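Thanks, everyone. Have the sequence and the coordinates open while I talk.

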Amino acid sequence: MGTEESSSTATAGVGRCTSLLSARTAERYAQVVHEVVDDLAERFRTVSSPSSGAARHELRERVDAVDLDGDGVGERAALAEAGDLYARHAVWFHLPAYAAHLNCPVAVPAVAAESMLAAINTSVDTYDQSAVATLMERRLIAWTGERIGFADADGVFTSGGTQSNLQALFLAREAALRGDRSARGERMARLRVLTTAASHFSVARSALLLGLPDDAVVSVGTDADGRMAPSALASALRETTDAGDVVMAVVVTAGTTDRGVIDPIAPAADLCDAAGVWLHVDAAYGGGLLVSPTRRGLLDGIERARSVTVDFHKTFFQPVSSSALVVRDPQDLLATAWHADYLNPEVEAAEDDAEPNQVDRSLQTTRRFDALKLWTTLRAIGPDRLGAMVDAVCDLAARVREAMDDDPELRPVGATDLSTVLFRYQPDGVDDATADRLVPLVRRILFQSGRAMVARTVIDGVPCLKLTLLNPDATVDDIAEVLELVRSAAHGLLAGDELTTRDTPPCRDVHPRLRRTSELDATAEGAGR
Ligand SMILES: *Cc1c(COP(=O)(O)O)cnc(C)c1O
């Protein structure tokens, strides 16, 4: 840059007042980030309920009150404001009373790595934008492949199981359509995906996105606990072929989102091998078993899949986002490649010394270096301790489920292979219809109170409450407290007339224990704390 340019007031002035991270702002960056981290550390020390329980209209008012078009307030003020808005009213996954969805507490080294990759802002698309990061990601894909039992895996980190499944089914579609390009449309109309009704919705939506016909996803029968029945898969394979259709893929789920049950993988692999069909294992939830010291056997047969989805942001305790699609045969991944002269020119791809460009393997172009988080976690605590954490949540779920067997009010529903507990509040004397109605109301009351969070779902037509336990530090007593809140909410509902109206009653009317945490705060503040 010429001296005239750097002395030009306009150019230099804009440069000086930006917030961009550089040598000039490095000191300030360190200060600002330390302040944010200190504030968060204090919140982690003190926060005692999964959310503030602030009402939606209250949150909307606060969000709307922020002037996004005004002059900047400065980095410190902006971050303090964000802490007061976002962090204060966030949903915290690290507390045992959070037991709703598949969100995990996160490993400390991974969170620290997150700030590293955010600051450096690597994009793992071409090698010339990422260098060593590409090699580290590729090493972790190979590591995951080894854990699965693939001899020579390839794959890519993705934003989540949804994207991993989409890419897997895209690869399966391309494999099914390989060859004659002329009749693609007609051939595509005959493609079918076989999976159970309990598979993740991203499977059906991927089929839609991939242009398959509306009836492309064929539902395969299950056993009583919702695991794919191999005999039903055998019939479905036969019937699909007899009808003149082509099975593009069989998707088995290693840990269904709702029940955490694992479809029998090896029998499905036998049938797929015999029929020459692509087997995809969606191990978004159950992937953590790859490092489990005691439960790895539940994934037996996964090494015979042609593609596998693993969500590290579920059972590997990684911050969102962190997932991978892994394929057994590197050739299968080639269908993803797309060449752009400015990025990864085709002529260079063929060279012996071609740069390894992850963009060739991904549906994304610019892509986060999420692999760094798993890398640092593995190095910090090792895979065995990660696996022991997975075991801990599975053991916890088994014990919570067991305790319900003797409970006069809570009725467990079905079984799990992982860390889910489904149940209903239904003591003697409460009929099925009332128990059904309690399910969404109890969930809502707990959510609105901010004190505990459970999920709800429908299993075989029956509404159920659901605990998804992903906190290895949670104890049976912690979960018993959550269940106490469930009881309180249900007692309150049964005692009032709320069950006859469609509206959810304000939680404070239901039971004092379920007052919003924000109201309790207000009381404490009012008392001069
Ligand atoms: C969570 C989940 C997904 C979706 O993964 P995201 O990371 O949320 O996109 C897919 N399949 C199963 C079985 C899941 O549990």
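First, a term: the bend at a residue is the angle between two axes, one fitted to the seven residues ending there and one to the seven starting there. Helices are DSSP runs of H or I with at least four residues, numbered from the N terminus.

Two remarks on the source. This is a predicted model: local features need pLDDT of at least 70, side-chain atom pairs count only at pLDDT 80 or more, and totals for chains, interfaces and linings use all residues. Residues are numbered from 1 along each chain as its sequence is written, and side-chain values use heavy atoms, with hydrogens and water left out.

Now helix α18. Where does it kink? At V439, by about 30 degrees, shortly before the proline P440. The expected span of a helix is 1.5 Å times one less than its number of residues. For α18, residues 432-449, the 18 residues should give 26 Å, and the end C-alpha atoms are 26 Å apart, which agrees. Just after α18, G450 has a positive phi of about 80 degrees.

Burial next. Buried means under 20% relative accessible area, exposed over 50%, partly exposed in between, with a 1.4 Å probe and protein chains only. Buried residues in α18 include L438, V439, L441, V442 and R443.

On to K314. UniProt, in an unreviewed entry, puts "modified residue: N6-(pyridoxal phosphate)lysine" at K314. Such annotations may be inferred rather than shown by experiment; positions are in the numbering used here, and feature names are shortened. K314 sits in helix α14, residues 312-315. Is K314 buried or exposed? Its relative accessibility is 13%, so K314 counts as buried. Contact means heavy atoms within 4.5 Å. Leaving out residues up to four places away in sequence, K314 touches L102, C104, A284, Y285 and L470.

Now the cores. A nonpolar core is a set of buried Ala, Val, Leu, Ile, Met, Phe, Trp, Tyr and Cys residues joined through side-chain atoms within 4.5 Å. The largest has 58 residues, and V250, L279, V281 and V308 have the most contacts inside it. Helix α17, residues 371-405, gives this core its largest share, eight residues. A second, separate core has 32 residues, among them L438, L469, A474 and L483.

Last, domains, with bounds from an automatic or database assignment. The chain has domain 1 (2-90), domain 2 (123-368) and domain 3 (382-526). The centres of domain 2 and domain 3, over C-alpha atoms, are 34 Å apart. Their contact takes 27 residues from domain 2 and 26 residues from domain 3.

How values were computed. Helix = DSSP H or I, 4+ residues; strand = E, 2+ residues; numbered from the N terminus.
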